[in-house]
Amino acid sequence: MSAQMKLSFTTLGCPDWPLQKIIDNAAEYGFDAIDFRGLQGELDIYNMPEFTVNIADTKSRIEAAGLHVSCFSSSVNLVSVEKFAHNLEEVRQYAKLCAFFGAKYIRVFGGRIGEMDREAAVDVMVKHFGELADAAREHGAKILLETHDDWIACGDVKTVMERTNNEGAGVLWDLHHPYRMLGEQPEHTWNELKPWIEYTHVKDSRITNAAANEFQYCLCGEGDVPLEQTVALLRQNGYDGYFTLEWEKKWHPYLQDAEIVFPHYVQYMRNLEK
């Protein structure tokens, strides 16, 4: 087995917490890092005082708590043509934050392809991925394509990665989506994407209506996503990146509060190390 797992969480799970509460609770619960996906309702955090005029204070507070920034999670959709200029600027802003905070990763989405055929969508993805990756690399950062939306299937992601072939481009494996949405077994996802996987999102769910493919998010270990098997697979194969809890409280307010879910996650993951 590899060294102790590095644990992070996205701020999607605590959308109302101010910065200091995020930092204090992260340290108290036993996390190693924070993945910023918004702050108090604002997703574009590079516009906020905490990441502009007060950025040095933010960094010192995070470091004083013994924490790191594991990733900045953007809203970029690579397949979008009309938003390319905006997406490029967003990547540049987050890349600057990565350089300042000593972080490495910027999460991006592939996006919905709509009426575009898959082959054409791949062409657009590869072009945009390469250009945005080059922009990130100027500040020592890397953009990671999440297994999400219309880019969940490992075969589709592999095609994009092989054709992009850029050192500034990698994969964020959401351990939930390929299994839950497509029935992909973890070994298959890993075998196809292992050259590019550098980061993970962790969450669990249980089926509520199999016929309609409906599910409910739940505490890790209380659903039927094979998290224990997948975590073991990653660690046995030398993965040393972050295991990042993505609790989508911002999008699903009915979910349990972070004060319950976050410490539970740390305990669950630490138990897997024993």
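Helix α8 covers residues 227–236, and its buried residues are L227, T230, V231, L233, L234 and R235. Buried here means under 20% relative accessible area, exposed means over 50%, and partly exposed lies in between, with a 1.4 Å probe and protein chains only. The helices (H or I, at least four residues) and strands (E, at least two) are DSSP runs numbered from the N terminus. This is a predicted model, in which local features need pLDDT of at least 70 and side-chain atom pairs count only at pLDDT 80 or more, while totals for chains, interfaces and linings use all residues. Residues are numbered from 1 along each chain as its sequence is written, and side-chain values use heavy atoms, with hydrogens and water left out.

## Helix α8 and its contact with α9

The buried residues of α8 pack against β6 (169–174), α7 (186–193), β7 (197–202), β8 (204–209), β10 (242–245) and α9 (258–272). Contact means heavy atoms within 4.5 Å. After α8 comes G238, with a positive phi near 85°.

The axes of α8 and α9 are 10 Å apart, and the two helices pack at an angle of about 60°. The pair is therefore oblique. On the α8 side the contact is made by L227, E228 and V231, and on the α9 side by Y268, M269 and L272. By class, this contact has 5 nonpolar, no polar and 1 charged residues. Ala, Val, Leu, Ile, Met, Phe, Trp, Tyr, Cys and Pro count as nonpolar, Asp, Glu, Lys and Arg as charged, and the others, Gly among them, as polar.

In the segment after α9 lies K274. K274 is exposed, with a relative accessible area of 79%. Between K274 and R180 there are 94 residues in sequence and 27 Å in space, C-alpha to C-alpha.

Helix α3 (residues 84–101) has 18 residues, which at 1.5 Å a residue should span 26 Å; its end C-alpha atoms are 25 Å apart, in agreement. The expected span is 1.5 Å times one less than the number of residues. Buried in α3 are F84, N87, L88, E90, V91, Y94, A95, L97, C98 and F101. Their cover includes α2 (55–64), β3 (68–77), β4 (105–109), α4 (118–137) and β5 (142–146). Just after the helix, G102 takes a positive phi of about 70°.

Two of the helices in that cover, α2 and α4, are described here as packing partners of α3. The axes of α2 and α3 come within 11 Å and cross at roughly 50°. That makes α2 oblique to α3. In this contact I55, A56, T58, K59 and I62 of α2 meet L97, F100 and F101 of α3. The residues divide into 6 nonpolar, 1 polar and 1 charged.

With α4, α3 packs at an angle of about 30°, the axes being 9 Å apart. That makes α3 roughly parallel to α4. F84, N87, L88, V91, R92 and A95 of α3 meet H128, E131, L132, A135 and A136 of α4. By class there are 7 nonpolar, 2 polar and 2 charged residues.

For these pairs, axes are lines fitted to C-alpha atoms, for helices over the stretch in contact, and angles run from 0 to 180 degrees between N-to-C directions. Angles under 35 degrees count as roughly parallel, over 145 as roughly antiparallel, 65 to 115 as roughly perpendicular and the rest as oblique.

## Loop residues

T10 lies in the loop between β1 (6–9) and α1 (19–29). T10 is buried, with a relative accessible area of 2%. Not counting residues up to four places away in sequence, T10 touches D35, R37, H201, T244, L245, E246, W247 and F262.

Most residues other than glycine have a negative phi. Q40 is found between β2 (33–36) and α2, whereas D149 lies between β5 and α5 (154–164).
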